[in-house]
Amino acid sequence: MQDMKEGMHRIRKELGPEALIIQSRKVRQKGWRGFFAPRQVEITAAVGKPPLEPVKQPGGTAFQKIQEEIGELRLLLNRLLVRGPMPAENKDQDQSGLESWRLQLQQQDVYAELIEEYLTEIEAGFAGEIQLTEEIVGLVLRQKIRKSVRVAPEKSAQVQVFVGPTGVGKTTTLAKLAARYAFYQGEKVGIITIDHYRIGAVEQLRIYADIASLPLEVAVSPGELQRALEKLNGCQRILIDTAGRSTLNLNHIQELAGYLQNLPPAEIFMVISATTKARDLRLICENFRRINYNRLIFTKLDETSTYGALLNGIHLTGLPVIYLTTGQSVPDDLRLADAEKISSLILGEEDDG
Ligand SMILES: Nc1nc2c(ncn2[C@@H]2O[C@H](COP(=O)(O)OP(=O)(O)OP(=O)(O)O)[C@@H](O)[C@H]2O)c(=O)[nH]1
Ligand SMILES: [Mg+2]
């Protein structure tokens, strides 16, 4: 083509109004004649299509997740490319993105050391390359939180034990799971309680067991617990309820550890209320350590708008989270934990529920 104007006209005609100019340059015509002819314009163009909408697949959550992740990374990359490198005069200046997320994490009661870890990593990772706007820090932070939340497949053992401080929802969560396993997943489920301390504890569980027609054994010593386990050995799932123990009463926690020391390999759920104060959470995680819990359940998400306890608990223990509970209703108010949901809660983003 002789000039750019003519080129643009032909491109729009042949490729349509959405054509993108990728490159243009002046070139000589091929052959010896080219040396004497005026230079021509060479334009490389492409038709840019908008990114595809993620395909919503019924039940295809893994697929959806991968699509979302790709979409997000693409978005992030586009923003970085569009903005280009940060102008020299702006380097060391714009901290507003980091600061507003620092505030959000503080308001969520995330531990200061964890906030520092995330934000320092983000700052260092981009080392003055791009402007750390609120949007970009938010995207990277989300990825980081998602990565630090470990989840694990449910039901990795026949025996599941519910331990934790008083009143956090151990018995209620056990009842929700007994119904989930027995009714929705068709398993043969048995229940044992070793909580004979609190008045009404056995009755509370017996009501749930009777409604669901599940066998319930009460054990008042470690020996009885062994016998109850043998009795229910034909069940695919055996759920053991324990008495809530004060975090500060190490003797009680030790006594509970005595009950559980001869268990077969079990999922030991540490049940933590999302309403737990950040400082107390350290004590809880530490003092219950002798129980050798290996999974986390967070309850009462419906009772707070501050979700730092989730991230803090994961940070303190390094353990996977299995379930989240969101109300008193048995069996409905329970869901499998997922990193996406937890990061949305912490970052104060909309979530589909
Ligand atoms: N709002 C809300 N309340 C819950 C949730 N889970 C349990 N509860 C309520 O918390 C209270 C205590 O629940 P329990 O299941 O008895 O707690 P626990 O840990 O077994 O208590 P102890 O055995 O006495 O240590 C009850 O009123 C439950 O209905 C939840 O996810 N959200
Ligand atoms: Mg209980």
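## Helix pair H3 and H5

In this predicted model, Gly 97, Leu 98, Ser 100, Trp 101 and Leu 105 of helix H3 meet Glu 134, Val 137, Gly 138 and Leu 141 of helix H5; contact means heavy atoms within 4.5 Å. Helices (H or I, at least four residues) and strands (E, at least two) are DSSP runs numbered from the N terminus.

The axes of H3 (residues 96–107) and H5 (residues 134–148) come within 7 Å and cross at roughly 50°, which makes H3 oblique to H5. Axes are lines fitted to C-alpha atoms, for helices over the stretch in contact, with angles running from 0 to 180 degrees between N-to-C directions. Angles under 35 degrees count as roughly parallel, over 145 as roughly antiparallel, 65 to 115 as roughly perpendicular and the rest as oblique.

## Nonpolar core

The largest nonpolar core has 66 residues, and Leu 225 and Leu 260 have the most contacts inside it. Such a core is a set of buried Ala, Val, Leu, Ile, Met, Phe, Trp, Tyr and Cys residues joined through side-chain atoms within 4.5 Å. Helix H4 (residues 112–126) gives the most to this core, with six residues.

Beyond four places away in sequence, Leu 225 touches residues including Ile 192, Ala 219, Tyr 259 and Leu 260.

## Chain overview

The protein chain has twelve helices and ten strands. Of its 353 residues, 45% are buried, meaning under 20% relative accessible area, with exposed over 50% and partly exposed in between (1.4 Å probe, protein chains only).

## Basis

Residues are numbered from 1 along each chain as its sequence is written, and chains are lettered from A and ligands numbered from 1 in the order in which they are written. Local features need pLDDT of at least 70, side-chain atom pairs count only at pLDDT 80 or more, and totals for chains, interfaces and linings use all residues, while side-chain values use heavy atoms, with hydrogens and water left out.
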